[in-house]
Amino acid sequence: RPLVYLGLKIFGRFGVPEFLNCSEATLRAWLQVIEANYHSSNAYHNSTHAADVLHATAFFLGKEKVKGSLDHLDEVAALIAATIHDVDHPGRTNSFLCNAGSELAVLYNDTAVLESHHTALAFQLTAKD
């Protein structure tokens, strides 16, 4: 559960629950749902990779030059984006999916297929109870 545990720590450090007006329990539940939708069988684009990207994002957000150019909303958005950036990644590239005529490629009209899917799925999972 690298994404859940690291996410709770980093989101807490950046005051995300307070900013979003949600409890730590709600944040934990959201992180669990997001992590459950990363494929552990995927050798690279799995929840450990998402935790790594989240950690790197938090590191850079902590740098003085970055702090001076972003407001709290920007920081929260960056942390959420890092968390969900590869959710449900099938382990294939956009080009592969388009050339194979995959359902995702058709759905997103061969345009930013994976990026659109990761974002749309994150919104769908977040909107669920």
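Mentor: Helices (H or I, at least four residues) and strands (E, at least two) are DSSP runs, numbered from the N terminus. The model is predicted, so to speak of a local feature takes pLDDT of at least 70 and to count a side-chain atom pair takes pLDDT 80 or more, while totals for chains, interfaces and linings use all residues. Residues are numbered from 1 along each chain as its sequence is written, and side-chain values use heavy atoms, without hydrogens and water.

Trainee: Where does His-45 lie?

Mentor: In the loop between H3 and H4. UniProt, in an unreviewed entry, places the annotation "active site" on His-45. UniProt positions are given in the numbering used here, feature names are shortened, and annotations may be inferred rather than shown by experiment.

Trainee: Which residues does His-45 touch?

Mentor: Contact means heavy atoms within 4.5 Å. Not counting residues up to four places away in sequence, His-45 touches Tyr-38, His-39, Asp-86 and His-89.

Trainee: What does UniProt say about Asp-86?

Mentor: The unreviewed entry carries the annotation "binding site" for Asp-86. This residue is found in the loop between H6 and helix H7 (94-99).

Trainee: Is Asp-86 buried or exposed?

Mentor: Buried means under 20% relative accessible area, exposed over 50%, and partly exposed in between (1.4 Å probe, protein chains only). The relative accessible area of Asp-86 is 9%, so Asp-86 is buried. Its contacts, leaving aside neighbours within four places in sequence, are Tyr-38, His-45, His-49 and His-118.

Trainee: What does the record list as a domain?

Mentor: UniProt lists residues 1-129 as "domain: PDEase", again in an unreviewed entry. In the model, that span is 68% helix and 0% strand, and its end C-alpha atoms lie 21 Å apart.

Trainee: Which residues touch the most other members of the largest nonpolar core?

Mentor: A nonpolar core is a set of buried Ala, Val, Leu, Ile, Met, Phe, Trp, Tyr and Cys residues joined through side-chain atoms within 4.5 Å. The largest one here has 25 residues, and Phe-11, Ile-34 and Leu-79 touch the most other members. Two or more residues come from each of helix H1 (2-13), helix H3 (24-36), helix H4 (47-61), helix H6 (72-84) and helix H9 (113-127). Apart from this core lies another, of 5 residues, including Leu-97, Leu-104, Val-113 and Leu-114.

Trainee: What does Leu-79 touch?

Mentor: With residues up to four places away in sequence left out, the partners of Leu-79 are Ile-10, Phe-11, Phe-14, Val-16, Leu-54, Thr-57, Ala-58 and Leu-61.

Trainee: At what angle do H1 and H6 pack?

Mentor: Two packed helices are described by the angle between their axes and the distance between the axes. Axes are lines fitted to C-alpha atoms, for helices over the stretch in contact, and angles run from 0 to 180 degrees between N-to-C directions. For H1 and H6 the angle is about 175° and the axes are 12 Å apart. The two helices are therefore roughly antiparallel (angles under 35 degrees count as roughly parallel, over 145 as roughly antiparallel, 65 to 115 as roughly perpendicular and the rest as oblique).

Trainee: Which residues make that contact?

Mentor: H1 supplies Leu-3, Ile-10 and Phe-11, and H6 supplies Leu-79, Ile-80 and Thr-83.

Trainee: Which residues have a positive phi without being glycine?

Mentor: Most residues other than glycine have a negative phi, and most peptide bonds are trans. Asp-88 has a positive phi, near 60°, and sits in the loop between H6 and H7. Asp-110 also has a positive phi, of about 60°. This second residue, Asp-110, lies in the loop between helix H8 (103-107) and H9, and at 47% relative accessibility Asp-110 counts as partly exposed.

Trainee: How many residues along the chain separate Thr-126 from Ala-29?

Mentor: They are 97 residues apart along the chain, and their C-alpha atoms are separated by 10.0 Å. Thr-126 is in helix H9 and is partly exposed, with a relative accessible area of 44%. Another pair is Gly-12 and Leu-27, 15 residues apart in sequence and 9.5 Å apart in space, C-alpha to C-alpha. Gly-12 lies in helix H1, with a relative accessible area of 41%, and is partly exposed.
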